[in-house]
Amino acid sequence: MASEAGTEAEVDAVVVGAGFAGLYMLHKLRDDLGLKTRVLEAASGVGGTWHWNRFPGARCDSDAYVYCYSFDEELLQEWDWSGKYPTQPEILSYLEHVAERYDLNKDITFNTFVDAAHFNSADRVWEIQTRDGEIVRARYFITAIGHLTIARYVPDLPGLRSFDGEWFHTSAWPEGVDLKGKRVGIIGTGSTGVQAIPVIAEEAEHLVVFQRTPQYVVPACHETVDEAFLAEVKANYPEIWERSKWSAGGFPWQHNGLSALDVDDRERWQVYERLWAEGGQKFAIGSYKDILMDRRANDTVSEFIRAKVRELVQDEDLLWKLLPADHPYMARRPIIGTHYYETFSRTNVTLADVKHYPIIEVTPDGIETEEGHFALDVIVFATGFDALTGPFFNIDIRGEGGLSLQEAWRDGPSGYLGLLTSGFPNMFMITGPTSAQGNAPVAIEHHVEWIADCIDYMRQEGVELIQPYEDLESEWVQGIRRRADRSLKTLSDSWQNGSNIPGKPHMVLSAPGHFGMYRKTTDEEAAQGYPHFMKTKAIVDSRLQSSVSTRSAQ
Ligand code: NA7
């Protein structure tokens, strides 16, 4: 389907984005509810984050067997993952397979950037405008825009324009880049930098890593999949999903229910050793219940990782730079890596500590820091994203009375359950701000199914518009802030609390806590007929030309 400049089209629902979220949303709305649905996607193909993030070393860091859809047992049985953490091309192939299997591509318009989405109060529709000038009118406007990926952050470094070499962001990796024989600089050591650094070090003539904050990096222990394990998983999928969906983080495992402070040092150390040997994100959420909430409990695990770093890094100067000390483990999104610390011992790798010796400027032939000049042919920005709100603000979204979303969220994003926000009726958000996050496909499936059920309810009950009551939404957001303040999530600058972007309001952007509890809350909301939402029905009597909004008892 091609965009036609200056035309108008009417559908039931517009979904923006064709990643994990958009593909499943299209399938639900079109194939289960029978709605005329159109997906608009900026990229040339499906995949969302897995379309864009093509940097060397890109792979997911959730275990593959739960980093997929669960809604169709046949799909689960027919797809085989090659390893514990599949690479970007493999995940992209999976999503392409899904799009083909459910015949989704025919309702997706690719290469189409959405510039604006305005709510037309008179007609009670959203008017979604593409960069090509097409306007699509829809009753339901669903943002499946991801919370990272598209809103790339490149710091405004003086002199960048003067650089004679190539530079790019990791999520906009150009085709055909050859780093062989090049002097490469990479800025950033988040999940992306940690994945890219060991792989680029293998290829480049020399790699300079510009590190601002030393990270806690747990070994991924990536391996090709054990056939017997895969067979066991496939035989037990229903139970694995049940556990994952009601767990704290969307995985089939949980913490052991104990406080890290209730056991002796030896026992605790053994638990951490076992999880470290197993590797992966299980280390972060499979030990004690209070490592994210209690600083003293957290100290035990933070110190364990520091002890491991001391074992892995022999050189004193390197160790001093790499040892994470200025924030507790888990105050940021946990990172897993492969040969990360070991890479810094290579003779073709230099670690530049830009916390103590900040970058002064980019020069035509490299980067000047307070420590000295680093000559470079290529600069890679692994500097992250304007997370959660950035993808929304890329679109000129206007709700009731022309209110812009950017203005409404000036002091920080809002939303009730992270699924809808007041003043923007029928604008549904998948993994939007103030929702609970976790293993992404699990969160996405939940949000998609909740939204589809809500739209189904609206159609059955004759509800034309739905939006949260402002005061109840505000209570939800305050609750997030209170819970975030009690956790360790505010103790480090990161994209999770908005502090990675200059000028962005600081607040924890997602609902902290237990994903299964969040699911329970959202399910109850639906079962009770959406009591926290204002529902506007059409008046059948045309003489009244009006509407009825209802508020049920809370
Ligand atoms: P992150 O986790 O936001 O990491 C960005 C990195 O870039 C981080 O190490 C930053 O340093 C660094 N950074 C940002 N600006 C600068 C400047 N001006 N100078 C030096 N260093 C800078 O992004 P990722 O892409 O790695 O990961 C994002 C998520 O994607 C990840 O959590 C997964 O969910 C997938 P800092 O550490 O803040 O000092």
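**Note on loops, ligand shell and aromatic pairs**

1. T434 sits in the loop between β18 and α15 (440-461), where helices (H or I, at least four residues) and strands (E, at least two) are DSSP runs numbered from the N terminus. Its phi is near 75 degrees, a positive value in a residue other than glycine, and T434 counts as buried at 0% relative accessibility, buried being under 20% relative accessible area, exposed over 50% and partly exposed in between (1.4 Å probe, protein chains only).

2. This is a predicted model, in which local features need pLDDT of at least 70 and side-chain atom pairs count only at pLDDT 80 or more, while totals for chains, interfaces and linings use all residues. Residues are numbered from 1 along each chain as its sequence is written, and side-chain values use heavy atoms, with hydrogens and water left out.

3. Most residues other than glycine have a negative phi. C221 belongs to the loop between β10 (217-219) and α6 (227-235), and with a relative accessible area of 25% it is partly exposed.

4. T431 is also placed in the loop between β18 and α15 and is buried, its relative accessible area being 7%. Leaving aside residues up to four places away in sequence, T431 touches H147, L388, Q437, A443, I444 and H447, contact meaning heavy atoms within 4.5 Å.

5. The ligand is surrounded by 19 residues, of which T192, R212, T213, R332 and R333 are the closest; a residue is near a molecule or strand if one of its heavy atoms lies within 4 Å of it. By class this shell holds seven nonpolar, nine polar and three charged residues, where Ala, Val, Leu, Ile, Met, Phe, Trp, Tyr, Cys and Pro count as nonpolar, Asp, Glu, Lys and Arg as charged, and the others, Gly among them, as polar.

6. For the ligand's oxygen atoms, a side-chain N or O atom of T213 is 2.5 Å from one, a backbone N or O atom of S191 lies 3.1 Å from one, and a backbone N or O atom of A382 lies 3.3 Å from one. The ligand taken alone exposes 780 Å², and the protein buries 86% of that (Shrake-Rupley method, 1.4 Å probe).

7. T369, in strand β14 (residues 366-369), is buried at a relative accessible area of 2%. The side chain of T369 reaches the backbone nitrogen of E371 at 3.0 Å, and beyond four places in sequence T369 touches F210, V354, Y357, P358, I359, I360 and F374.

8. G412 is found in the loop between α14 (405-408) and β18 (427-429), and is buried, with a relative accessible area of 11%. Although G412 and P505 are 93 residues apart along the chain, their C-alpha atoms are separated by 5.7 Å; apart from residues up to four places away, G412 touches P505 and M507.

9. The count of aromatic pairs comes to 41, rings of Phe, Tyr and Trp (its six-membered ring) pairing if their centres lie within 6.5 Å, with planes under 30 degrees apart counted as stacked, over 60 as edge-to-face and the rest as tilted. F168 and W173 form an edge-to-face pair, 4.7 Å centre to centre with 75 degrees between the planes, and both F168 and W173 are buried. Ring pairs also link F20, Y24, W50, Y67, Y69, F71, W79, W81, Y94 and Y102 into a cluster.

Definitions and conventions
Polar contact = N/O pair within 3.5 Å; in protein donor to acceptor, adjacent residues only side chain to side chain.
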